[in-house]
Amino acid sequence: MVRPCDVSKMAGGSTRKKSPGATSPFWGKLHCLWQDKHLVLFKTEYTLLIVSVLWFLEIGINVWVIRKVPYTEIDWKAYMDEVEGVINGTYDYTKLKGDTGPLVYPAGFVYIFSALYYITSQGVNIRLGQYIFAAFYLITLLLVFRLYFRTKKVPPYVFFFVCCASYRIHSIFVLRLFNDPVAMMLLFAAVNLFLDDYWWLGCGIYSLAVSVKMNVLLFAPGLLFLLLSEFGLMKTIPKLSLCAGIQILLGLPFLLENPFGYVSRAFDLGRQFMFKWTVNWRFLPEWLFLNGQFHLLLLAAHLLTLLLFALFRWKRPGESIFELLKDPSKRKIPPQKTTAAQIVLILFTSNFIGMSFSRSLHYQFYVWYFHTLPYLLWSGGVKKLAHLLRVLILGLIELSWNTYPSTNSSSAALHVCHLIILLSLWLAPPIYLVSTDAPKKDKLQ
C-alpha cells in the first residue's frame, strides 16, 4: 500500500520551530505532488487540480466544436417562433407554436429564450447563441465539479469522461441549443445551494429550473424527503409554497389569459412521445410503446422503487417514515445533520429512478442524468464493480446514446446498464451511513 505524502512534514511541521533551511509549504506541496504523480488521477485529494485543468481545456474544446462542427437545426427556430408569439402579445398558450409543434414548456422557458431572442438578433445570430450555450456548458461544469469536489466520492480520472469524452453532451449544448441544458444548469446551482444549507434560495432556484423544463421534477421526491428530514412538515410547507408561488408568478400573464390552456400545455404529464425518437424502448413493438397500460405500469414501478428506497435506503432504521413529519427536535431518534454526500446521493438517485422508468427518452434527455452517472456508479455497494467495469458501463451508456437511430441492441444495453446501477445503489450502505463531510449549521432556515 502506497503511503500518501505528508505535506506538514515537508513544510517543516507545525509543532517545531522551523529551521532556516525548512521547506516552504508551497514547495512542500509541489514535492508531494511529484511524489504522488502516479496517483494523481486516482486520489480524490487531487480532484480540484484535475477538474481545473479539464475546465480550461473545455474552453478550447467548445470553441473548436463551434467553429469546426456544423450546427444542426432541430428546435432553436421553433423556440424563437414560440417566444416571438409572446413578444407580439399572444398569451394564450394554446395559440403559441413553432415549426415542431405547440409550446409545451413552462413560463420560465419563455422568459429566458425571449432574452436569447433579443441577444441573438431575433434568433438569427446562431453563432452567438452557440457561444452563449458554451458559457452555459462551462458554468454547468463548474457547478458539477464543485459537487464532486465537496463530496470526494469519485476518483479524478473519471472526470475525463464527464467532460472531454462525451460527443453527445457537447452536441446538446453547443450544436443543438436545446432548453434541457438551461434547466440542468439551474438544477445544479440549486443542489450546490442545498449543500451550503441555503435551503430557501435553493428551493427558489429549483423552482426556476422546473419553469424551464418539467423533467427537473424527477428530483422532487428526493428533495421532498430531504426537506422533511431536515425541517419536518411544518417548516417544509413554506418552502414548497415558495416553489409553487414562483411557478404562479412566472405563469401569471398566461394564467390570466387562459389558465387551463397554460397548465395543460406547460405541465402535460400525459404527453405522447413519438416512437421514432425513442432511445430506451426501441426493442418494443410500437403499439406497446404507445399503450396507456404500459405507461401506467412504468409509473407504478417508478413510484414503488422510490418508496422502497425512501423506506429502506434513505430513512434511518427504527424510525417510522411518519417521524419525518415531526419537527426534528421532537423525534424519538436524535436528528443528525444531512451531509453533502447524502444530499447529492438522494437527489441523484431520485432522478435516476425516474430516468430508468421513463416512458421514452429522447437524445437531448441524456443531459438530464449524464453528469450524475459517475457519482451513482461510485456510490454503489457492489465491491466487485471494479473501476474498469464502472468505466465500461459509462462507455456503454455513451455508446447507447450516440447510436442514431437507436437499435434493439442499443436500447437493451441502456436498460442493462440502468439495472446494474440501480441494483448497485440498492446494495450500497444505507444513506445514513454515508458521510464525507462535517455537518454545518443551517443558514436561512
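Predicted model: local features only at pLDDT ≥ 70, side-chain atom pairs only at ≥ 80, totals over all residues.
**Cysteines, salt bridges and a buried helix**

Let me begin with C203, which is buried, since its relative accessible area is 0%.

The partner to consider for C203 is C243, whose sulfur is the closest cysteine sulfur to that of C203, at 4.5 Å. C243 is buried as well, with a relative accessible area of 13%. Are these two sulfurs close enough for a bond, or too far apart? The cut-off for a disulfide is 2.5 Å between the sulfur atoms, and the separation of 4.5 Å between C243 and C203 is therefore too far. A disulfide, in general, is a covalent bond between the sulfur atoms of two cysteines. The count for this model comes to zero disulfides.

I turn now to charged side chains. How many salt bridges are there? The count is nine, and I shall go through some of them.

The pair D196 and R150 forms a salt bridge in which the closest N and O atoms are 2.8 Å apart. This pair links distant parts of the chain: D196 lies in the loop between α9 (180-195) and α10 (199-212), R150 lies in helix α6, and 46 residues separate them. Helix α6, where R150 has its place, covers residues 126-151. The two side chains also make a polar contact, again at 2.8 Å. Are the two partners buried or exposed? D196 has a relative accessible area of 16% and is buried. R150 has 17%; the limit for buried is under 20%, so R150 counts as buried too.

In a further salt bridge, the side chains of K337 and D197 meet at 4.0 Å, N to O. This pair also links distant parts of the chain, being 140 residues apart: K337 is in the loop between α14 (292-314) and α15, and D197 is in the loop between α9 and α10. The loop between α9 and α10 thus holds D196 and also D197. D197 is buried, at 4% relative accessibility, whereas K337, at 24%, counts as partly exposed.

Next, E323 and K326 form a salt bridge, with their closest N and O atoms 2.8 Å apart. E323 is buried, its relative accessible area being 8%, while K326 counts as partly exposed because its value is 35%. Elsewhere, salt bridges that share partners join K77, D81 and D99 into one network.

Helix α15 is mostly covered, with 17 of its 17 residues buried.

The largest nonpolar core has 131 residues. Which residues have the most contacts inside it? They are F113 and I397. Leaving aside residues up to four places away in sequence, I397 touches Y366, Y369, L373, L414, C417 and I421.

To summarise, C203 and C243 are too far apart for a bond, and the model has zero disulfides and nine salt bridges. The pairs D196 with R150 and K337 with D197 each link distant parts of the chain. Thank you.

Key: Residues numbered from 1 in each chain as written. Heavy atoms only, no water. Buried < 20%, exposed > 50% of the residue type's maximum accessible area, 1.4 Å probe, protein only. Helix = DSSP H or I, 4+ residues; strand = E, 2+ residues; numbered from the N terminus. Core = buried A, V, L, I, M, F, W, Y, C linked by side-chain atoms within 4.5 Å. Contact = heavy atoms within 4.5 Å. Polar contact = N/O pair within 3.5 Å; in protein donor to acceptor, adjacent residues only side chain to side chain.
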